Amino acid sequence: MDIKLFDSELKVMDVLWKEGDTTAKHISDVLSKEVGWNMNTTYTLIKRCIKKGAVERSEPNFMCHALIPKEEVQKAETDELINKIYDGSADKLFTALLGRKKLSVEQIEKLKQIVGEL
């Protein structure tokens with residue numbers, strides 16, 4: 001993925017991923033409640049997402065449509081994290097994640113299943 005989205009832009013995208021195509025006004029209303037942004041802030045971020053090619057605008061009513069799926073962004077962000085913090089080593093990330101919390105037997109079995117499917 002060639003598009004780099006900042007945390008604030010990801011908030012806009014998250015509304016679109018959760019709710020599907022919607023108006024900029026609705027995105028503004030949601031983010032006003034969730035993070036306290038005013039309409040101008042939200043519209044500026046929507047326009048940045050449009051300029052980056054992550055969102056498409058259509059009329060009437062400034063309808064917004066996500067052009068990139070959440071899974072694609074998650075993969076790109078995970079790859080960046082692995083490369084930046086864990087020297088490109090997914091196993092180091094995995095070890096760090098597992099070392100943070102005691103896992104239940106069910107969670108351990110689920111992880112074994114996932115690893116076995118790779």
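**Close-up 1. Thr-42, a buried residue of helix α3 in this predicted model.** Thr-42 has 0% relative accessibility and therefore counts as buried. Its helix, α3, covers residues 39–52. Setting aside neighbours within four places in sequence, Thr-42 is in contact with Ile-27, Ser-28, Leu-31 and Trp-37.

**Close-up 2. The crossing of helices α1 and α3.** Helix α1 is formed by residues 7–19. The axes of α1 and α3 come within 9 Å and cross at roughly 90 degrees. The two helices are therefore roughly perpendicular to each other. From α1, the contact takes in Ser-8, Glu-9, Val-12 and Met-13. These meet Leu-45, Ile-46, Arg-48, Cys-49 and Lys-52 in α3. By class, the contact of α1 with α3 has 5 nonpolar, 1 polar and 3 charged residues.

**Close-up 3. The largest nonpolar core.** This core has 23 residues. Leu-5, Met-13, Ile-27 and Cys-64 touch the most other members. Helices α1, α2 (24–35) and α3 each give two or more residues to the core, as does strand β3. The largest share, 5 residues, comes from α1.

**Close-up 4. Surroundings of Met-13.** Met-13 is among the core residues that touch the most other members. It also belongs to the α1 side of the contact with α3. Leaving aside neighbours within four places in sequence, Met-13 is in contact with Leu-5, Cys-49, Ala-54, Val-55, Ala-66 and Ile-68.

**Close-up 5. The open sheet of 3 strands.** The strand order is β1-β3-β2, and the pairing is antiparallel. Strands β1 (22–23) and β2 stand at the edges. Each has a single partner strand, so one side of each is left without a neighbour in the sheet. β1 and β3 pair over 2 bridges. Thr-23 stands opposite Met-63 in β3. Helix α1 lies across β1, β2 and β3, running at about 90 degrees to β3.

**Close-up 6. The hairpin of β2 and β3.** Strand β2 comprises residues 55–58, and β3 comprises residues 63–66. They pair in the antiparallel sense over 4 bridges. The bridge partner of Ser-58 in β3 is Met-63. The hairpin has 4 residues between the strands. In this hairpin, Asn-61 takes a positive phi near 70 degrees.

Technical notes:
Residues are numbered from 1 along each chain as its sequence is written. This is a predicted model: local features need pLDDT of at least 70, side-chain atom pairs count only at pLDDT 80 or more; totals for chains, interfaces and linings use all residues. Side-chain values use heavy atoms; hydrogens and water are left out. Buried means under 20% relative accessible area, exposed over 50%, partly exposed in between (1.4 Å probe, protein chains only). Contact means heavy atoms within 4.5 Å. Axes are lines fitted to C-alpha atoms, for helices over the stretch in contact, and angles run from 0 to 180 degrees between N-to-C directions. Angles under 35 degrees count as roughly parallel, over 145 as roughly antiparallel, 65 to 115 as roughly perpendicular and the rest as oblique. Ala, Val, Leu, Ile, Met, Phe, Trp, Tyr, Cys and Pro count as nonpolar, Asp, Glu, Lys and Arg as charged, and the others, Gly among them, as polar. Two strands pair if DSSP finds at least two bridges between them. A nonpolar core is a set of buried Ala, Val, Leu, Ile, Met, Phe, Trp, Tyr and Cys residues joined through side-chain atoms within 4.5 Å.
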